[in-house]
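Open the model in your viewer and keep the sequence panel beside it. We will go from stop to stop, selecting a few residues at a time.

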Amino acid sequence: APPASPETDPVARGAVLVAVANCGSCHTPRGEDGNPVADKMLAGGVVQDEVASNITPDEKTGIGSWSEEEIAHLLQTGMEPNGEMVEGAMAQQIERRFSKLTNADALAIAAYLKSIPAVANDPSAQ
């Protein structure tokens, strides 16, 4: 069989990249049984002693006010739109993995994150 063709639509490609990078394992809260809370997918969670941000397009608790370019810039550099640097486990992921993304792939992830349903969730309040 011929090799699979990579997804070219940015949102679809971003969905694949988010799945491959396993973003939901940190950025999705877990229920009492340890399973991800499906209706809060990517809405932020607590991992050990760190808070993984809400990366849905919710305006108040997520990244809804960020542009796709700002999201892509954070993935590649670790710098938030306000100039602060990401710390902890996410900073390590950026250094080891996301900083190596092509601009097109970083923008595809951003396009996907902006396309998913917004979920109001403040993981630091958990």
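Where is the place of Q48? Select Q48 and you will find it in the loop between β1 and β2 (50-52); helices (H or I, at least four residues) and strands (E, at least two) are DSSP runs, numbered from the N terminus. Before moving on, note that this is a predicted model, in which local features need pLDDT of at least 70, side-chain atom pairs count only at pLDDT 80 or more, and totals for chains, interfaces and linings use all residues. Residues are numbered from 1 along each chain as its sequence is written, and side-chain values use heavy atoms, with hydrogens and water left out.

Q48 is exposed, with a relative accessible area of 77% (buried means under 20% relative accessible area, exposed over 50%, partly exposed in between, using a 1.4 Å probe and protein chains only).

Next, select L42, in the loop between α2 (24-27) and β1 (45-47). L42 is also not glycine and has a positive phi, near 65 degrees. Is L42 buried or exposed? L42 is buried, with a relative accessible area of 3%.

**The loop between β2 and α3**

Now select N54, which lies in the loop between β2 and α3. N54 is buried, at 2% relative accessible area. Show the side chains of N54 and T61: a polar contact of 3.1 Å joins them (a pair of N or O atoms within 3.5 Å; within protein, one must be able to donate a hydrogen and the other to accept it, and residues adjacent in sequence count only if both atoms are side-chain atoms).

Which backbone atom does the side chain of T56 reach? The answer is the backbone nitrogen of V119, at 3.1 Å.

P57 counts as buried at 14% relative accessibility. P57 and V119 are 62 residues apart in sequence, yet 7.3 Å apart in space, C-alpha to C-alpha.

**The largest pocket**

For the next stop, select H27, A52, S53, V86 and M90: of the 35 residues that line the largest pocket, these lie nearest its centre. A pocket is defined on a 1 Å grid over the protein atoms alone, as an open set of points where a 1.4 Å probe fits, with protein on both sides within 12 Å along at least five of seven lines; lining residues have an atom within 4 Å of a point. By class, the lining has 20 nonpolar, 10 polar and five charged residues (Ala, Val, Leu, Ile, Met, Phe, Trp, Tyr, Cys and Pro count as nonpolar, Asp, Glu, Lys and Arg as charged, and the others, Gly among them, as polar).

Colour α4 (88-96), one of the elements that each supply at least two lining residues. Helix α4 gives the most to this lining, with four residues. M90 is found in α4 and counts as partly exposed, at 23% relative accessibility.

**Last stop**

Finish at R97, which lies over the face of F98, at 5.5 Å from the ring centre (a charge sits over a ring if NZ of Lys or CZ of Arg is within 6 Å of the ring centre and within 35 degrees of the ring normal).
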